[in-house]
Amino acid sequence: MNPDVIALPKLAIEFAASDRPTPFFLYEEAKIRSNCRKFLNSFRRYFPDFEALFAVKANANPHLLRIILDEEFGFDVSSYSEAWLAYKLKASGMYTGNYTTMEEFKMAEKAKLILNLDDSSAISSLSKIGIPQVISFRINPGIGQGGMQSLVTAGPEAKFGIPFEKAADAYGEAQKLGIKHFGIHMMTGSNVLDEKYFPLVVKKLLEVVALVKAKTGINIDFLDMGGGFGVPYHPTEKSLNLDHIALNVKKVFDEQCLKYNLVAPRLMAEPGRYIMANAGWLVSRVISLKNSYKIFMGIDASTNDMPRPAIYNAFHYITVLNRSKKKQKVSVVGRICENNDQFARDRLLPQCELGDLVVIHNCGAHAYAMGHNYNGRFRHSEYLLTLKNELQQIRRAETLNDLFAAIPDFSLL
Ligand SMILES: Cc1ncc(COP(=O)(O)O)c(C=O)c1O
């Protein structure tokens with residue numbers, strides 16, 4: 001059993017649930033900070049000027065973002081509101097959009113973020129808001145890898161990035177516009193647990209760096225290897241060894257720089273899941289037990305709170321906080337009128353009674369952030385277990401007012 005998957009702050013969860021309505025998310029500050037430190041230290045050992053950006057899409061709660069900023073991370077953002085968050089929190093970093101609007105570019109400029117362009121045609125749009133000093137391009141290397149097919153974000157079927165064969169033309173075009181400093185970026189998949197993948201990404205990126213140099217004379221200043229650092233969701237999966245990864249990235253990096261006679265670019269990465277996933281839990285209670293063709297355990301959370309199981313059929317480890325010694329196979333389901341609203345199917349869990357606490361693990365990243373209001377469901381509170389062991393509410397639960405606030409001429413009174 002991998003302790004990274006099954007660990008949970010049991011006492012804090014039980015205390016929080018004793019007088020607060022479920023469901024809620026609970027995040028642990030100590031875990032967020034230790035994940036940040038592990039990530040930075042592993043890479044900085046081999047790349048002293050290594051820079052990490054947190055992928056804000058993984059979890060955009062400003063209270064959590066402040067902690068991550070305090071751990072010397074910048075931000076990787078990819079929408080108007082995420083760029084605005086970077087502006088408000090004075091974060092440095094990068095804007096990686098795709099099919100980006102002018103409003104988004106303008107907000108990214110206002111936040112002083114480096115623009116990471118997904119398409120060379122975006123260069124001409126940029127001239128309308130002024131030519132930036134620095135620009136980066138997201139490259140599609142023609143191949144991709146991910147924890148599951150829908151998490152693969154490169155290759156011929158992917159909508160992201162500039163095909164690597166066209167990369168030199170894009171840099172050449174930007175150079176003609178007077179841009180002087182350049183970066184390169186790749187994000188080819190998410191939740192990757194294969195350690196060999198990361199040095200491969202860097203190897204490929206450095207081949208493109210060499211190609212660009214040969215064709216345009218440009219020395220690329222920084223290389224962002226993207227996010228995608230996977231976490232185990234199943235207790236039998238192994239956690240990544242970041243020290244190994246960083247060491248193997250260093251080997252490939254030095255080999256490629258030597259082979260192509262490159263001025264070494266500064267290495268960057270933009271993890272989301274690795275920083276937050278195992279620092280958050282979704283806490284809910286059993287509200288109904290139904291003996292149908294099989295046993296359905298209805299809980300007060302639904303997959304609108306955490307859609308990964310519904311969207312990707314993703315596995316999430318579940319702990320039931322009761323003293324039952326008996327186990328039974330149950331499907332853990334929410335209250336949405338869709339049959340994919342199931343957190344677990346036919347899972348062997350301790351026998352439950354109504355009111356028992358059910359905790360879903362690995363809910364810190366791409367969890368609340370992917371939540372939605374389908375079926376008129378509310379999204380729920382978020383709490384932070386601080387370093388002082390205090391519970392801080394960092395988001396209240398939504399109410400009817402929140403659901404209907406955008407509708408004109410409709411009073412709830
Ligand atoms: C551009 C970009 N960077 C970083 C990430 C973070 O990925 P992960 O959470 O897998 O590290 C994503 C996730 O989709 C992304 O699209």
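**Reading the terms against the values**

Me: Where is the place of Pro23?

Reply: Pro23 sits in the loop between helix H2 (10-19) and strand S1 (24-28), where helices (H or I, at least four residues) and strands (E, at least two) are DSSP runs, numbered from the N terminus. The peptide bond that leads from Thr22 to Pro23 is cis, with omega near -5°. The model is predicted, so that local features need pLDDT of at least 70 and side-chain atom pairs count only at pLDDT 80 or more, while totals for chains, interfaces and linings use all residues. Residues are numbered from 1 along each chain as its sequence is written, and side-chain values use heavy atoms, with hydrogens and water left out.

Me: What makes the protein as compact as a globular protein of its length?

Reply: The protein, with its 13 helices and 18 strands, has a radius of gyration of 23 Å, close to the 22 Å that the globule rule gives for 413 residues, so it is as compact as a globular protein of that length. The radius is taken over C-alpha atoms, and the rule is 2.2 Å times the number of residues to the power 0.38. Along its principal axes, the C-alpha trace spans about 70 × 55 × 45 Å.

Me: Why is Leu89 called buried?

Reply: Buried means under 20% relative accessible area, exposed over 50% and partly exposed in between (1.4 Å probe, protein chains only). Leu89 has 14% relative accessibility, and therefore counts as buried. Leu89 lies in the loop between helix H5 (80-88) and strand S4 (93-96), and, leaving aside residues up to four places away in sequence, Leu89 touches Pro62, Leu65, Arg66, Leu69 and Phe75, a contact being heavy atoms within 4.5 Å. Across the protein, buried residues make up 53% of the 413 residues.

Me: Is Asn261 buried or exposed, and how do you know?

Reply: The relative accessible area of Asn261 is 60%, so Asn261 is exposed. Asn261 is found in the loop between helix H10 (242-260) and strand S10 (266-269), and has a positive phi of about 55° although it is not a glycine.

Me: Why is Asp409 called exposed?

Reply: Asp409 is called exposed because its relative accessible area is 83%. Asp409 lies in the segment after helix H13 (400-404), and its phi is positive, at about 55°, although Asp409 is not a glycine.

Me: What makes strand S13 covered on both faces?

Reply: In a regular strand the side chains alternate between the two faces of the sheet. In S13 (residues 318-321), Ile318 and Val320 on one side and Thr319 and Leu321 on the other are all buried.

Me: How do you know that S13 and S16 pair?

Reply: Two strands pair if DSSP finds at least two bridges between them, and four bridges join S13 to strand S16 (residues 357-360), which run antiparallel. Thr319 stands opposite Val359 in S16.

Me: Which residues of helix H8 are buried, and what do the buried residues pack against?

Reply: In H8 (residues 167-176), Ala167, Ala168, Ala170, Tyr171, Gly172 and Ala174 are buried. They pack against helix H7 (122-126), strand S6 (134-140), strand S7 (162-163), strand S8 (181-185) and helix H9 (197-216). Just after H8, Gly178 takes a positive phi of about 100°.
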